[in-house]
Amino acid sequence: MSLSKWNITVMAICTGLIVANIYYAQPLLVLIAREFNVTESNAGQVTFFTQMGYALGLLFCVPLGDKLERRSQILAMTGCAVAALGAAALSMNITMLKITGFIIGFTSIVPQLILPMAASLAEPQKRGKVIGVIMSGLLIGILLSRTISGFVGQHLGWRAMFWIAAALSVGMMVVMMSSFPKSRPAFTGTYGALMKSVWQLMKEQPLLREASVINACCFGVFGLFWTTSVFLLSNPPFNYGSDVIGLLGLAAATGALGAPLIGRVADRKNPRIAIGYGISLVFISYIVCWVFSNSIAGIVAGIVLLDLGLQGVHVSNQTRIYALLPEARNRMNTVFMTASFLGTSLGSGIGLWVWGIGKWTGVCIAGLALTGIGILVYMLTYNRESSLQRA
């Protein structure tokens, strides 16, 4: 079966709506802190646990996409996410919300099952474009989730958002059941052998290791920004409510719209070119956010640069790793995305720590340092990969 425009559109929408589950809590942190009478940093741990759950879900569940029938696995994971979202809405204390947040993250790994499915069905010469379109759906879902969540939280309360998310996920189950194709698993061994092969791939594929480290740094910077920006914007000189803070997701979504264009560049040219430009934009975005920290226009400009840069890095890296071993795309994606979201959760944790020490200045310094590590890895591996391509 080849992918039609309708198939790609449905995959992009489902990807965006389901990945949004792990980001709804971010604009609601101040409201959650007030209701449970805890500090903002304590409430912020909800996002840390959610992202850690997502990373571990990627590690232990996504490889099964090479062993199990993918559509059935996607539907089962979505059903578990619905239950977790309902439990979060009923949370009686911050500890229960952290636990349910972890489960929401663990079960919302469906986008990383959809992407390898799409890559397997796409024509090789169009793979980057297809990945770019679906990644647009994913990143628009991530970013607009904040806009929707902020508005709902301000007017209906933070619990309402989790109930709405559960209903949306049920709707997506119906759509996916009727429109997603069935797959034929490529791996016939045991689960233990499957997980061992994941480790083997990481050892044998230097490009996979390089792409994973660079992505981890950029996703870490992304998590660092979005976890702490709600604190910046809810305090002087801004004093915004969750509805206004959530609107910043609209600014970030403009960067996400660049994914199909970036995918075409990755198809036609060396994807490393897009990676270099992307990581440079991420670095510049933090300089802009630091210098113009008292200006909402400056923060918005920084957000657009940050998301466009992240797109350049992520779509190009994903295109590269999907071209390596077609029969192991889920396992390759496991290594790549687990590293990415471990970076996100680490970035969130660092953000909560540096916010307590140096507020926004500390956040910007940490962001520049983490991006600098990614640039260093990019520079150290560039000559090696160029030599391999010439050989």
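Colleague: Is Leu346 buried or exposed?

Modeller: Buried means under 20% relative accessible area, exposed over 50%, and partly exposed in between, with a 1.4 Å probe and protein chains only. Leu346 has 51% relative accessibility and therefore counts as exposed. This is a predicted model, in which local features need pLDDT of at least 70 and side-chain atom pairs count only at pLDDT 80 or more, while totals for chains, interfaces and linings use all residues. Residues are numbered from 1 along each chain as its sequence is written, and side-chain values use heavy atoms, with hydrogens and water left out.

Colleague: In which helix does Leu346 lie?

Modeller: Helices (H or I, at least four residues) are DSSP runs, numbered from the N terminus. Leu346 belongs to helix H16, residues 329-390.

Colleague: What does Asn215 contact beyond its neighbours in sequence?

Modeller: Contact means heavy atoms within 4.5 Å. Outside four places in sequence, Asn215 touches Val313, His314, Asn317, Phe336 and Ser340. Asn215 sits in helix H10, residues 206-234, and is buried because its relative accessible area is 0%.

Colleague: Which side chain makes a polar contact with that of Asn215?

Modeller: A polar contact is a pair of N or O atoms within 3.5 Å; within protein, one must be able to donate a hydrogen and the other to accept it, and residues adjacent in sequence count only if both atoms are side-chain atoms. For Asn215 the partner is the side chain of Asn317, at 3.1 Å.

Colleague: Where does pLDDT stay under 50?

Modeller: pLDDT is the predictor's confidence in each residue, from 0 to 100. It stays under 50 over residues 386-391. Where pLDDT is low, the predicted coordinates should not be read in detail.

Technical notes. Helices (H or I, at least four residues) and strands (E, at least two) are DSSP runs, numbered from the N terminus.
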